[in-house]
Each structure stands twice: as structure tokens, then as C-alpha cells.
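Open your viewer and keep the selection tool handy. We will go from one selection to the next and look at what is there.

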Amino acid sequence: MKSFVFLVLMLPLFAFKADSIDNISKAMSAGDAITLGNYMDNNVELTILNKQAVYSKSDAVRQMQQFFASNKPAGFNQMHQGTSKGIGAKYCIGNLKTNATTYRVYIFLDASSNTHKIQELRIEK
């Protein structure tokens, strides 16, 4: 009975834990590369328009800071998100509206060590 009461008391804590995709979407919308970096794996495959490379987390954050400095975000709308069957990876496809144009964004998060980390992020026109 004590364990049941403990579980009931702990449920609200688990219910309010924000999903990583939601936090990543908020960071994209705000142009917050530092927060975005908190969800990146140690190495990230990053594509910004026609420039594609595998970056360390710190270099990927710098690349995103430069992108956001040149393209001030006005909002990010998730168009689709889901979980890859079998491997537990998550993905999100959305539109990043900036001061100049709208970009299509693809985010792939790998599920290693019970946490989801960004493995790939693509920003395309």
C-alpha cells in the first residue's frame, strides 16, 4: 500500500516532464542554439542549406548560432513527429519561419542510454 501511495504522489512529477522534441522545438523557435546544444549528441550531422558536415557538439552549436544570427527565427511549427519502430529513435519535421523566408527542418534523435540526443539536423529551403 505504501508503494502505491508513493507512486500516486510521484505521478505528477513524471507527467510534467517535457518531451525533448518539445524543448527542441521551443529552442528552434527562439533561435536558442545553446539550449539546442543541450539536446545534441557528442557529434552531430548538420546540414544548413548546402553545407553538410559532421560537427562536434560545440562546433554544431556555433554553426547554429551563426545561422540564427543571419536568420532571426519568428517561429517553428512542427508538421510531423514520431518514433522509429524497433530502435526507439525520434524524429521531427517542421517549418522554421525567419525574418526572410521559411525553412524545412528535419531533426533525428537517437535513443542511446535512455535519453534522446540529436544525431542529425537539417535545414533546407
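**First stop: Arg104**

Select Arg104, which counts as partly exposed because its relative accessibility is 31% (buried is under 20% relative accessible area, exposed over 50%, partly exposed in between, with a 1.4 Å probe and protein chains only). This is a predicted model, where local features need pLDDT of at least 70, side-chain atom pairs count only at pLDDT 80 or more, and totals for chains, interfaces and linings use all residues. Residues are numbered from 1 along each chain as its sequence is written, and side-chain values use heavy atoms, leaving out hydrogens and water.

Arg104 sits in strand 5 (helices, H or I of at least four residues, and strands, E of at least two, are DSSP runs numbered from the N terminus). Now show its contacts (heavy atoms within 4.5 Å): not counting residues up to four places away in sequence, Arg104 touches residues including Met79, Ile93, Arg122 and Glu124.

**Next: the salt bridges**

Move to Arg122, which meets Glu120 in a salt bridge at 3.4 Å, N to O (a Lys or Arg side-chain nitrogen within 4 Å of an Asp or Glu carboxyl oxygen). Arg122 also pairs with Glu124, at 3.8 Å. Shared partners join Glu120, Arg122 and Glu124 into one network.

For another bridge, select Arg62 and Asp59, whose closest N and O atoms are 2.3 Å apart; both lie in helix 4, about one turn apart.

**Last stop: the core**

Finish with the largest nonpolar core, of 27 residues (buried Ala, Val, Leu, Ile, Met, Phe, Trp, Tyr and Cys joined through side-chain atoms within 4.5 Å). Helix 4 gives the largest share, 5 residues.
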